[in-house]
Every structure is written in structure tokens, then in C-alpha cells.
Amino acid sequence: MTYSIVARDEDGRMGVAVQTCLMGVGAICPWGRSGVGVVATQAFALAGYGPRLLDRLAAGERPAGALAELLAADELRDQRQVGVLAADGSMAAHTGSDTIPFAGDVQGEGLSCQANMMARAGVPEAMRDGFLAATGTLERRLLAAMESAERAGGDFRGRQSAAMIVVDADAQDEGWQGVDLDVRVDDDPEPLAALGRLIDIRDAYRLVHDSVTAAREGRFGDSMGLSARAGELAPHDQHVAFSAAVLRAHGGDAGPLRDMIDRAPGNRVYVEWLQAHGESQLSDEVLSQLGG
């Protein structure tokens, strides 16, 4: 009993997002494989639809035919709801005749939206319109679609968990490769807000990576700017704060890094490891200010 969206962007990246009023929806509903497709399986959900459909898509089957075969063998198909999107943008969806109303699905170019047990009709359409109107990365557009669903009524029981998976356009040799994002909120009174925070943290980590790269290339102004943006997205995150502190220490300001070591002395071990492996080049003067 939930609502979800499967969609792709102009670059071929694919994603699936879901919210429900039960714990741990991320373990059951969303499935994705880079260069293959994404699946949402819900209502009286059978998790097996996810990997089975992805296997069939990887073998060259089309979404409609693959889904039809699985449904034909499922005695509870009238209580299932499934959305599947392939890497080429083709899709298929099923809303069983015995799913709990309001229930339905709607498609658009490169997307399918599914919902059941909704407070009112129109939630799939709201998701579709929200996604198409949104800008930014696929992750942000998927989140906008989910927020549109909630404003349109959402699950009539309320909300508890949410999840999102985003995969690359290109197929990979291993199933774990090519996963750009895999986050879930298992139990929260406002799961979409929590999901948005996780996306912020992931984006902050990418900025940290870019900041480190810029510093290694001698572009310290760019590095500081990227680090500052990461801090704005995830001000509470220890990895983001540590990276910023090390960067400032390279510029001669050891204060923030010394404070982090005072609060968690193990950070001194981390600094020593980075120095020994050439990942940082702090001066002897700065190191002397760190204590330990």
C-alpha cells in the first residue's frame, strides 16, 4: 500500500522512488540495475517482481511482455501493483482489480507512476506532473514527484518510510556497479523530508570529492568554494566537516582540525594515516598545533 514513480532523465539515468505508511519500504518495493531498468512492486507486494523483471529485461525482453508473463503465473495478481521501466524508455504497469482504492497508474514519456490506498483520486497524475515540472537532477525530480503525491492526498493512513534508487544509463559487469544513489528511510514521521536530507548528504560527499581533486590540482580557491557548498548541504556531517578542517589546515588554520581532534582523538590517527599515504601534506608547524 504505497505510491511510487519509475522514471529516466535525458541522459538515460533511471530511478525509482517510493513512500508508504509501513516500516522499511526500501527493502521490498524499489529495484534497479544500471543499463537495464528500474522496478516498483507494491500493493500486496511481492518483492520477487523486482529481480525477476530486471533479469528478463537484461535478457532482452520488453517490459510489457516480461510483466505479462509474471502476472500470468501469479494467483494474487489482482492484488498487486507493479511499474517497470527499461533503459530504452519503454515501460509497463499493472494495477490489479482488487487493490485498495483509490488505486491507479499513469504514464508519461519515460516514466510511470503508481498508487494505491490513496486518500483521493489523482495521486499518480500529481506525481507525473510534479516530475515533469521539476528541474535539476533526476534525484531532485523524483523527490519533487513524491512531494506532489503527498500534497495530492498521499496514503490515507499517513506516512512512515520512503526510499530511492538511481542507476547509471550504461550497463555494468556486476549488479552492484553503476548505482548512483541507494537511500532509504525506514521509520520517520516525515520520511520525504528525511529522504531529502540523505540526498543532500550524498551531494555534499560528491562536492567533497571534487574539492579534494581541485586541491590536488592546485586550484585552492575552487576547492574552498566546493568545500563550503558541501558544508551548507550537510553541516552536521563529520566527514564533510573533517574534510573542510583538513583543507583549512593546509592553508595554515589548524583551529578547526584541532577542535575535531580534541572532541574525537581518533581523528589524529586519521590525520597521521593521510600524511603517511600522501593524501595530505600538512606542514610540521600545523602538525605541531594538533597535539597528540
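Modeller: Helices (H or I, at least four residues) and strands (E, at least two) are DSSP runs, numbered from the N terminus. The model is a predicted one, in which local features need pLDDT of at least 70 and side-chain atom pairs count only at pLDDT 80 or more, while totals for chains, interfaces and linings use all residues. Residues are numbered from 1 along each chain as its sequence is written, and side-chain values use heavy atoms, with hydrogens and water left out.

Colleague: Where is Ala43 placed?

Modeller: Ala43 belongs to strand S4. Its phi is near 65°, a positive value in a residue other than glycine.

Colleague: Is Ala43 buried or exposed?

Modeller: Ala43 has a relative accessible area of 8%, so it is buried. Buried means under 20% relative accessible area, exposed means over 50%, and partly exposed is in between (1.4 Å probe, protein chains only).

Colleague: Which residue is the bridge partner of Ala43 in S5?

Modeller: That partner is Arg80. Strand S4 (residues 37-43) and strand S5 (residues 80-86) run antiparallel and are joined by seven bridges. Two strands pair if DSSP finds at least two bridges between them.

Colleague: In what order do the four strands of the open sheet come?

Modeller: The order is S3-S4-S5-S6, with antiparallel pairing. Strand S3 (30-33) and strand S6 (91-95) stand at the edges with a single partner strand each, so one side of each has no neighbour in the sheet. From one strand to the next, the twist averages 10°.

Colleague: Which helix lies across S3, S4 and S5?

Modeller: Helix H1 (residues 49-58) does, and it runs at about 150° to S4. Helix H2 (residues 63-72) lies across S5 and S6, at about 30° to S6. Axes are lines fitted to C-alpha atoms, for helices over the stretch in contact (heavy atoms within 4.5 Å). Angles run from 0 to 180 degrees between N-to-C directions.

Colleague: Next topic: which residues of helix H3 are buried?

Modeller: In H3 (residues 123-133), the buried residues are Val123, Pro124, Ala126, Met127, Gly130 and Phe131. They lie on the same side of H3, because they cover an arc of only 160° around the axis. The arc is that of the directions from the helix axis to the C-beta atoms.

Colleague: What do the buried residues of H3 pack against?

Modeller: They pack against strands S1 (2-8), S7 (104-108) and S8 (111-115), and against helix H4 (138-151).

Colleague: What sits over the ring of Phe131?

Modeller: The charged end of Arg141 does, 4.1 Å from the ring centre. The rule requires NZ of Lys or CZ of Arg within 6 Å of the ring centre and within 35 degrees of the ring normal.

Colleague: How many aromatic pairs are there?

Modeller: The count is one aromatic pair. Rings of Phe, Tyr and Trp (its six-membered ring) pair if their centres lie within 6.5 Å; planes under 30 degrees apart count as stacked, over 60 as edge-to-face and the rest as tilted. The ring centres of Phe242 and Tyr270 are 4.7 Å apart with planes at 10°, so this pair is stacked. Phe242 lies in helix H7 (residues 238-250) and Tyr270 in helix H9 (residues 266-276), so the pair ties together parts 28 residues apart in sequence.

Colleague: Where is the cis peptide bond next to Phe102?

Modeller: That bond joins Pro101 and Phe102, with omega about -5°. Phe102 is in the loop between S6 and S7.
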